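Me: I am new to this structure and would like to get to know it. Could we walk through it together?

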Amino acid sequence: MTAALALAAALALAVGQWFIWRYAPMEMTMGLVQKIFYFHLPLAWWALVSFTVVFVASCLYLARRVPFYDRLAGAGAEVGTLFSGLALATGSLWGKPMWNVWWTWDPKLTTTLIMWFVYAAYLVLRQTGTGGERGPAMRAALGVVAFLDVPLVFLAARKWRSIHPTVFGSQGGGLEPEMWVTVLVNLAAVGLLWACLLIVRSRQLGQRARLGRLFMQIGD
């Protein structure tokens, strides 16, 4: 199943490239640099989905104390931190020709950067093994609290004065139908990649936990 999903993700990403470079029209104002949008948006959206997975899995762990949910939260945080970091990087590449600066303390960018640091700290906490037997519960509590920043990232460009464009609303109304199709194709393609990474990483964390228990038994 994982191999089939990985193959589907690879094919979908290849198809997405064709839509980006051949099907979607050139934007009149920004020109070629606007193509970064088709990478930036899917990465940002699936990063938010990843952190939602962390939140849900953390709540389930606190309610049921099942180790699988702790591993799922860890996998979601890793993939989400990777995707949000790439979203910040592609956003900077896109922002330089648009705003003439690599970075500006816009509400959308600032809340996204804070979110990245929060989940990076969450991953550091996981790696250090802080808390011993209570570590999973501590991580789950942090996974729940960290989610508070996710809605702020989503609403930042809508609730506060922001130069960051929004896909839905007055700033996103200029997309041609071909551009919308390209956005949706690449959202689906990155979604397949996201699902593959999440499944593989969850399994790896499960295998590491089983190996740890096996080594403890051998040591005893």
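Me: Happy to have you along! To begin, what volume does the second largest pocket have?

Reply: A pocket, on a 1 Å grid over the protein atoms alone, is an open set of points where a 1.4 Å probe fits, with protein on both sides within 12 Å along at least five of seven lines; lining residues have an atom within 4 Å of a point. Grid points are joined across faces, edges and corners, and a volume is the space filled by probe spheres set on the points. For the second largest pocket, that volume is about 540 Å³.

Me: Which residues of its lining are the closest to the centre of the second largest pocket?

Reply: This is a predicted model, where local features need pLDDT of at least 70, side-chain atom pairs count only at pLDDT 80 or more, and totals for chains, interfaces and linings use all residues. Residues are numbered from 1 along each chain as its sequence is written, and side-chain values use heavy atoms, with hydrogens and water left out. The second largest pocket is lined by 21 residues, and the closest to its centre are Asp70, Arg71, Pro136, Arg139 and Ala209.

Me: Which helix gives the largest share of the lining of the second largest pocket?

Reply: Helices are DSSP runs (H or I, at least four residues), numbered from the N terminus. At least two lining residues come from each of helix H3 (67-99), helix H4 (107-128), H5 and helix H7 (177-219). The largest share, 6 residues, is supplied by H7.

Me: How many residues of the lining of the second largest pocket are charged?

Reply: Asp, Glu, Lys and Arg count as charged; Ala, Val, Leu, Ile, Met, Phe, Trp, Tyr, Cys and Pro count as nonpolar, and the others, Gly among them, as polar. The lining has 7 nonpolar and 6 polar residues, and its charged residues number 8.

Me: Asp70 forms a salt bridge with Arg139; how far apart are the closest N and O atoms?

Reply: A salt bridge is a side-chain nitrogen of Lys or Arg within 4 Å of a carboxyl oxygen of Asp or Glu. Here Arg139 of helix H5 and Asp70 of helix H3 link parts of the chain 69 residues apart. The closest N and O atoms of Arg139 and Asp70 are separated by 2.9 Å.

Me: Is Asp70 buried or exposed?

Reply: Buried means under 20% relative accessible area, exposed over 50%, and partly exposed in between (1.4 Å probe, protein chains only). Asp70 has a relative accessible area of 11%, so Asp70 is buried.

Me: Why does the salt bridge of Asp70 and Arg126 tie together parts apart in sequence?

Reply: The side chains of Asp70 and Arg126 meet at 3.1 Å, N to O. Asp70 lies in helix H3 and Arg126 in helix H4, so the parts this pair ties together are apart in sequence by 56 residues.
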